Amino acid sequence: MALLSTTAIVLGGIRLGEADRLITFFTHHKGILKGVAKGARRMKSRFGASLEPFTHCTLIVFEKPGDKLARINQCDIIRPFQPLREDWNSIERASRMVDLVSQMAPEGEPNTDIFHLLLQGLEYLEEKKDPALSIMLFINRLIMYSGYQPHWESCQNCRQIFKSGNRQTLYFSASAGGALCAHCGSSAVTLIPMSHGTRAFLSASQKMDYAKAHRLRPSLDIQKQCEAIFKNTLAYITGKSEQRFTRKTVSAFQTPSG
Ligand SMILES: [Zn+2]
C-alpha cells in the first residue's frame with residue numbers, strides 16, 4: 001500500500017453502503033482521485049465537515065496497486081468555503097465550477113494550472129464581487145488549461161487577420177479551431193455569431209491572469225455570446241453537452257446522512 005499526501009479540493013460525493021461515502025477530489029498531485037471515507041456518514045465521524053463539497057483540504061490516502069478507489073485516511077480543512085454552501089445561488093455557481101473540472105480533467109493526471117484556477121475561482125465566488133464574471137473567466141481559462149486553445153486573431157479558414165475597427169459579424173466554431181470571418185462563416189452551418197467585442201474579450205482575458213481579468217467589463221451581449229461559445233467548445237472537447245447542476249445532487253451533501 002502506498003501513502004499519498006496532497007492538498008485537494010472536494011468535488012463531490014455519494015453514499016456508499018450503510019455508513020461510508022465515496023468522495024471525488026481534485027488533488028494537487030494526482031488530479032481527480034476517488035476515495036472511500038469509512039464511517040463518514042456516522043454522526044460522530046472523525047472526518048467532520050472536511051468532506052463537504054468545495055472544501056480545500058490536506059488529504060492522506062492509502063492506494064493499493066490495481067484498486068480504482070483509494071482509502072481516505074485523513075482529511076483536514078485548509079479553507080472550508082462554507083459561504084458557498086449557504087445559499088442556492090452560491091451552491092449553483094460553485095457546483096458549475098467543480099462539475100466542469102470533473103468533466104474536463106482526466107483521472108489520475110495532475111494539472112496544477114487547473115488546481116490553482118479552481119481554488120482561485122472558489123475564492124472569487126466566496127468574495128461575491130462579480131460572480132457571473134468570475135465564472136466566465138474561469139471557463140475561458142479552464143478550456144485553455146485543458147489543452148484546447150481557440151484562435152482569436154485570424155480566420156481559421158482563409159487566414160485573414162482581424163482588424164479591431166472591423167464591424168462585420170464574425171463566427172465561432174470549436175471544431176474549426178476558433179474564429180471565422182463573415183465570408184467563411186456565412187457559408188457554413190451551426191456556427192455561433194460573434195462580435196469583435198466578444199472576440200477581443202475572450203482573447204484578452206486568456207492572456208491576462210485570472211485576477212487582472214476581473215477588471216474587464218463585458219457587456220450583456222458579450223456575456224451571452226460567450227455562453228454560447230463555451231457551450232459549443234465544452235461539447236466539442238468532452239463529446240457531450242455540459243451537465244448542469246441539479247439541486248438534488250448537492251442537497252445530498254447537505255445532511256449528515258447524505
Ligand atoms: Zn475567412
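1. For the charge count, Lys and Arg are taken as positive and Asp and Glu as negative, while His and the chain ends are left out; each charge is placed at NZ of Lys, CZ of Arg, CG of Asp or CD of Glu. On that basis the protein chain carries 33 positive and 22 negative side chains, with the centres of the two sets 2 Å apart.

2. This is a predicted model, in which local features need pLDDT of at least 70 and side-chain atom pairs count only at pLDDT 80 or more, whereas totals for chains, interfaces and linings use all residues. Residues are numbered from 1 along each chain as its sequence is written, and side-chain values use heavy atoms, without hydrogens and water.

3. The protein chain has eight helices and eight strands, these being DSSP runs (helices H or I, at least four residues; strands E, at least two) numbered from the N terminus.

4. Along its principal axes, the C-alpha trace of the protein chain spans about 65 × 40 × 30 Å. Of the 258 residues, 48% count as buried, that is, under 20% relative accessible area with a 1.4 Å probe and protein chains only.

5. An automatic or database assignment divides the protein chain into domain 1 (1–80) and domain 2 (83–258), and the C-alpha centres of these two domains lie 28 Å apart. Between them, 26 residues of domain 1 are in contact with 28 residues of domain 2, where contact means heavy atoms within 4.5 Å.

6. Among contacts in the protein chain between residues at least 6 apart in sequence, 65% join residues at least 24 apart.

Notes. Buried means under 20% relative accessible area, exposed over 50%, partly exposed in between (1.4 Å probe, protein chains only).
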